[in-house]
Amino acid sequence: MNRLDNKIAIITGAAQGMGASHARMFAAEGAKVVLTDVQQEAGQSLADEIGEQAVFVKQDVSSSSDWDAVCAVTKDRFGIPNVLVNNAGLYFIGQVDEADPEQVKKLLEVNVFGAWLGISKLAPLMRQAGGGSIINLSSLAGMRGIPWHAIYGASKWAVRGLTKTAAYDLGGEGIRVNAILPGAITNTGMSGTLDEDQLAAIPMHRSGQPEEVSQLAVFLASDESAYITGADHVIDGGRSLW
Ligand SMILES: NC(=O)c1ccc[n+]([C@@H]2O[C@H](COP(=O)([O-])OP(=O)(O)OC[C@H]3O[C@@H](n4cnc5c(N)ncnc54)[C@H](O)[C@@H]3O)[C@@H](O)[C@H]2O)c1
């Protein structure tokens with residue numbers, strides 16, 4: 001018995017980084033996985049690598065019609081989805097008053113509007129399926145004021161708010177909604193190199209691996225977390241302790 005047998009999971013931003021790691025681990029735990037991303041080639045090649053349990057659908061998470069297409073393919077190929085991982089995201093850092101307005105709009109459209117769209121499309125299907133688990137990727141920048149992270153941070157604070165409110169709205173129908181707040185995670189498109197001072201500020205003196213976040217995502221997707229909803233799950237080597 002695998003931990004995610006009978007789970008049909010949609011994972012956004014799955015062509016690389018943490019999303020790719022989630023996809024591999026979910027499939028290894030028995031889930032059927034629908035990988036989505038704007039990056040067609042990398043996404044398709046990962047789905048091919050995983051095999052029959054996986055399908056890739058090209059998707060921009062900020063497009064309503066793309067979500068409809070993802071849901072249609074999922075139902076057609078595997079059945080009604082009961083897990084959603086809102087993982088796709090954009091990142092930039094910069095002084096709060098120096099951001100380009102178009103870049104700001106785009107980031108909020110993907111990180112916030114895209115996550116909401118996913119919830120709004122999946123909730124009715126999960127209701128039909130008798131419940132489900134939605135996992136939203138927030139960040140340490142969604143619980144602190146981190147220099148140069150005003151816009152990205154605003155988007156990740158919003159994702160936490162969305163998570164908690166959706167958990168209220170959907171809890172009675174057996175749909176759980178949780179947030180994951182990673183600290184510095186290495187080997188992804190968003191990872192930067194940490195200098196000595198930054199490493200020293202992490203109690204565990206190292207950054208995290210995508211697979212360590214995927215372990216948490218598997219737990220939240222599985223029935224092991226059946227009574228956990230609306231919660232912030234910080235995974236940061238202790239960075240937020242002080
Ligand atoms: N790496 C970190 O240190 C870190 C820390 C905290 C939170 N996060 C969050 O974790 C999630 C995964 O990040 P990652 O580090 O793996 O970054 P990443 O850049 O490697 O992956 C993000 C993925 O999202 C995809 N994407 C971007 N715009 C999209 C769109 N409009 N529609 C669909 N897909 C789109 C990208 O193509 C990419 O594959 C993000 O939400 C990020 O904000 C990352």
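The legends below describe several close-up views of a predicted model.

Residues are numbered from 1 along each chain as its sequence is written. Because the model is predicted, local features need pLDDT of at least 70 and side-chain atom pairs count only at pLDDT 80 or more, while totals for chains, interfaces and linings use all residues.

**View 1**
Seven strands form an open sheet with parallel pairing, in the order β3-β2-β1-β4-β5-β6-β7. The edge strands, each pairing on one side only, are β3 (54-58) and β7 (232-235). From one strand to the next, the twist averages 20 degrees. Strands (E, at least two residues) and helices (H or I, at least four residues) are DSSP runs, numbered from the N terminus. Two strands pair if DSSP finds at least two bridges between them.

**View 1. Strand β5 between its two partners.**
Strand β5 (residues 132-137) is joined to strand β4 (residues 83-86) by four bridges, and these two strands run parallel. Asn-86 has Asn-136 of β5 as its bridge partner. Six bridges join β5 to β6, again in parallel. Here Leu-137 has Ile-180 of β6 as its bridge partner.

A residue is buried if 20 or more other C-beta atoms lie within 10 Å of its own, exposed if 12 or fewer do, and partly exposed in between, with C-beta atoms placed from the backbone. Six of the six residues of β5 are buried, so this strand is largely enclosed by the rest of the structure. Gly-132, Ile-134 and Asn-136 are buried on one side of β5, and Ser-133, Ile-135 and Leu-137 are buried on the other. In strand β6 (residues 175-182), eight of the eight residues are buried, so β6 is also largely enclosed by the rest of the structure. Both faces of β6 are covered, with Ile-175, Val-177, Ala-179 and Leu-181 on one side and Arg-176, Asn-178, Ile-180 and Pro-182 on the other.

**View 2. Ile-135 and its surroundings.**
Ile-135 lies in strand β5. This residue counts as buried because it has 26 C-beta neighbours inside 10 Å. Apart from neighbours within four places in sequence, Ile-135 is in contact with Val-85, Asn-86, Asn-178, Ile-180, Ala-217, Leu-220 and Ala-221. Two residues are in contact if their C-beta atoms, placed from the backbone, lie within 7 Å. Ile-135 and Ala-179 are 44 residues apart along the chain, yet their C-alpha atoms are separated by 5.7 Å.

**View 3. Helices lying on the sheet.**
Helix α1 lies across β1 (8-12), β2 (32-37), β3 and β4, and runs at about 165 degrees to β1. Helix α2 (residues 40-50) packs on the sheet, where it touches β2 and β3; its direction makes about 170 degrees with that of β3. For these angles, axes are lines fitted to C-alpha atoms, for helices over the stretch in contact, and the angles run from 0 to 180 degrees between N-to-C directions.

**View 4. The shell around the ligand.**
The ligand is surrounded by 29 residues, of which the closest are Gly-13, Gly-17, Gly-89, Thr-188 and Gly-189. A residue is near a molecule if its C-beta atom, placed from the backbone, lies within 6 Å of it. Helix α1 (residues 17-28) gives the most to this shell, with three residues. By class, the shell has 13 nonpolar, 14 polar and two charged residues. Ala, Val, Leu, Ile, Met, Phe, Trp, Tyr, Cys and Pro count as nonpolar, Asp, Glu, Lys and Arg as charged, and the others, Gly among them, as polar.

Most residues other than glycine have a negative phi. Asn-6, although not a glycine, has a positive phi of about 70 degrees. Asn-6 is found in the segment before β1 and counts as exposed, with 11 C-beta neighbours inside 10 Å. His-205, also not a glycine, has a positive phi of about 55 degrees. His-205 is found in the loop between α6 (196-200) and α7 (210-221), and is exposed, with 12 other C-beta atoms within 10 Å.
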